[in-house]
Amino acid sequence: MNIRTLTNDEKLPWDLLLLADPSRLIVQEYVKNAVIYVGELEQKIIAICVVKETAKTIVEIMNIAVCESMQGQGFGKQLIHFAVQEASKRGYAQIEIGTGNSSIPQLRLYQQCGFRIVGVDFDYFTRHYDEKITENGLICRDMIRLSYEL
């Protein structure tokens, strides 16, 4: 997979962005002033990673997704490692990510990539999303916060 920065003149790959975050309005807000990395195979975008500075020394992965037919092949892990390397090159001290309590495969992936659980934002998804989110047989209520020290 080739990873590159999405240019300003390219359309956002909404299909991928909405895989990771069902709220178009929320996504529209955090993609502003963010760096968007895309993973390509044969010139087709199959993965996305949105990284945004949240403090002078901290960036956060706001959205990461791999097209459903390509999941489970290590592309997400490649994108995370790329984002971590880029953040380190740019002098950041920490990279963060948040995910739902019901996002079991994602929690596993982030921890395999070296992220540590640092907190829980209770009822985050019930406060910020109008529609109930259910995945893996669980209602998504809380945001699990993870961090990676660079």
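Helices and strands are DSSP runs, numbered from the N terminus. The model described here is predicted.

In this scheme, strand 7 covers residues 134–135 and strand 8 covers residues 138–139. Asn136 sits in the loop between these two strands. Its phi is near 55°, a positive value in a residue other than glycine. Asn33 also has a positive phi, of about 60°, although Asn33 is not a glycine. Asn33 lies in the loop that joins helix 2 (24–31) to strand 2 (35–41). The relative accessible area of Asn33 is 75%. The cut-off for an exposed residue is over 50%, so Asn33 is exposed.

Helix 3 runs over residues 75–89. At 1.5 Å a residue, its 15 residues should span 21 Å. The buried residues of helix 3 are Phe75, Gly76, Leu79, Ile80, Ala83, Val84, Glu86 and Ala87. Just after this helix, Gly91 adopts a positive phi of about 90°.

Two packed helices are described by the angle between their axes and the distance between the axes. For helix 3 and helix 4 (residues 104–112), the axes come within 10 Å and cross at roughly 45°. The two helices are therefore oblique to each other. The crossing of helix 3 past helix 4 is right-handed. On the helix 3 side, the contact involves Gly76, Lys77 and Ile80. Leu109, Tyr110 and Gln112 meet them from helix 4. The residues of this contact comprise three nonpolar, two polar and one charged.

Methods
Residues numbered from 1 in each chain as written. Predicted model: local features only at pLDDT ≥ 70, side-chain atom pairs only at ≥ 80, totals over all residues. Heavy atoms only, no water. Helix = DSSP H or I, 4+ residues; strand = E, 2+ residues; numbered from the N terminus. Expected span 1.5 Å × (residues − 1). Buried < 20%, exposed > 50% of the residue type's maximum accessible area, 1.4 Å probe, protein only. Axes fitted to C-alpha atoms, helices over the stretch in contact; angles between N-to-C directions. Parallel < 35°, antiparallel > 145°, perpendicular 65-115°, else oblique. Left-handed = near helix turned anticlockwise from the far one by under 90°. Contact = heavy atoms within 4.5 Å. Nonpolar A, V, L, I, M, F, W, Y, C, P; charged D, E, K, R; others polar.
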